[in-house]
Amino acid sequence: MSGAALLAEALVKAYPRHRALNGVSFSIPPGVCLALLGHNGAGKTTLMKLLLGLTRPTSGRVEVLGEDPLRAPLAFRRQIGFLPEHVIFHDELTGVETLRHYARLKGEDPRRQVALLERVGLSHAADRRVKGYSKGMRQRLGLAQALLGRPRLLLLDEPTTGLDPMLRQEFYRVIQELRAEGVTVMLSSHVLTELEARTDLAMIMEQGSVKAFGTLDALRSQADLPAIFRIRCARARIVAESVGGVVHRLASESALELSVPVRDKMAVLRQLMACGVEIEDLEIQLPTLDDVYAHFGREKDEEEG
Ligand SMILES: Nc1ncnc2c1ncn2[C@@H]1O[C@H](COP(=O)(O)OP(=O)(O)OP(=O)(O)O)[C@@H](O)[C@H]1O
């Protein structure tokens, strides 16, 4: 046993015409939230299925909460919550009946589900049939289903698809609470900006391989993308000359854009303040997770020529 909540070693999943995973290795400690990122077909769902023991690796191995998911007893499954990419419910059941149904399947007490609906903000619709639920309500019901029985590990496949910005915030509030309780969370997403400050680790997958793995800060420094300084001042040309060596673009005589390595941000700021020209306005835009993700994608395109 490794002590990791999730472990993969040289994991390969090959279908007759396609390798969905191509030697994936990683180790995730307990209690962290990992964002799994990647284009369509990168292998995110396949990885989750392997972690759940729903499919068998062609080679390599996984360990989930210290167990081989293919051999683990039922008690192991009760410690895992899973929200699939496409949640399908019985339309004729109400929200609470749906949860009771899943609770029975999972061997949980079917009577204690109202609190879960409250947790995901659905208690007002507990007795309404699911067929009348909006997409966002279905996603929340899916999350409640994944939370049945206080799992130690949550695998959430694109959980925020179809949620409006308010509901996304609500969703991440629940995730924060779970993290604080020590639950390990792996969630896949295409919406990168929303993950900022909400996940501990990110793994970027590309055609079945891990392209980058680490904290968002580590990925940022690995990508080494510049911060953009947008400056408004009377004599932009003089300001540009005062910060020699920094790539700049003069938009006009009073608008300047600097491309500054993030590590030099404070040094450049000091140079600007000392340059003798009054800076009327300054906006500093740090690289976003979308920029970082695009960077790793570009790197691959360049490798392939
Ligand atoms: N049962 C299967 N048989 C054959 N190929 C499969 C099977 N399941 C997945 N694949 C292929 O493996 C690759 C990875 O698929 P996967 O669903 O894991 O990607 P994903 O990253 O989850 O994509 P998306 O973001 O679109 O959900 C794809 O090319 C897919 O077509």
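User: Which residue in strand 6 is the bridge partner of L83?

Analyst: This is a predicted model, in which local features need pLDDT of at least 70, side-chain atom pairs count only at pLDDT 80 or more, and totals for chains, interfaces and linings use all residues. Residues are numbered from 1 along each chain as its sequence is written, and side-chain values use heavy atoms, with hydrogens and water left out. Strand 5 and strand 6 (residues 153-157) run parallel and are joined by four bridges; strands are DSSP runs of E with at least two residues, helices are runs of H or I with at least four, and both are numbered from the N terminus. In strand 6, L83 has as its bridge partner L156.

User: Which strands stand at the edges of the sheet, and why is one side of each left without a neighbour?

Analyst: Two strands pair if DSSP finds at least two bridges between them. The sheet is open, with six strands, mixed pairing and the order 5-6-7-3-8-9. Because each edge strand has a single partner strand, one side of it has no neighbour in the sheet; the two are strand 5 (80-83) and strand 9 (209-214).

User: At about what angle to strand 5 does helix 5 run?

Analyst: Axes are lines fitted to C-alpha atoms, for helices over the stretch in contact (heavy atoms within 4.5 Å). Angles are taken between N-to-C directions and run from 0 to 180 degrees. Helix 5 (residues 135-146) lies across strand 5 and strand 6, and its angle to strand 5 is about 165°.

User: Why is the pair of F89 and Y102 described as it is?

Analyst: Rings of Phe, Tyr and Trp (its six-membered ring) pair if their centres lie within 6.5 Å; planes under 30 degrees apart count as stacked, over 60 as edge-to-face and the rest as tilted. F89 lies in the loop between strand 5 and helix 3 (95-106), and Y102 lies in helix 3. The ring centres are 6.2 Å apart and the planes stand at 80°, so this pair is edge-to-face.

User: Which helix gives the largest share of the lining of the largest pocket?

Analyst: A pocket is an open set of points on a 1 Å grid over the protein atoms alone, where a 1.4 Å probe fits, with protein on both sides within 12 Å along at least five of seven lines; lining residues have an atom within 4 Å of a point. The largest pocket is lined by 25 residues. The largest share, three residues, comes from helix 4 (residues 114-119).
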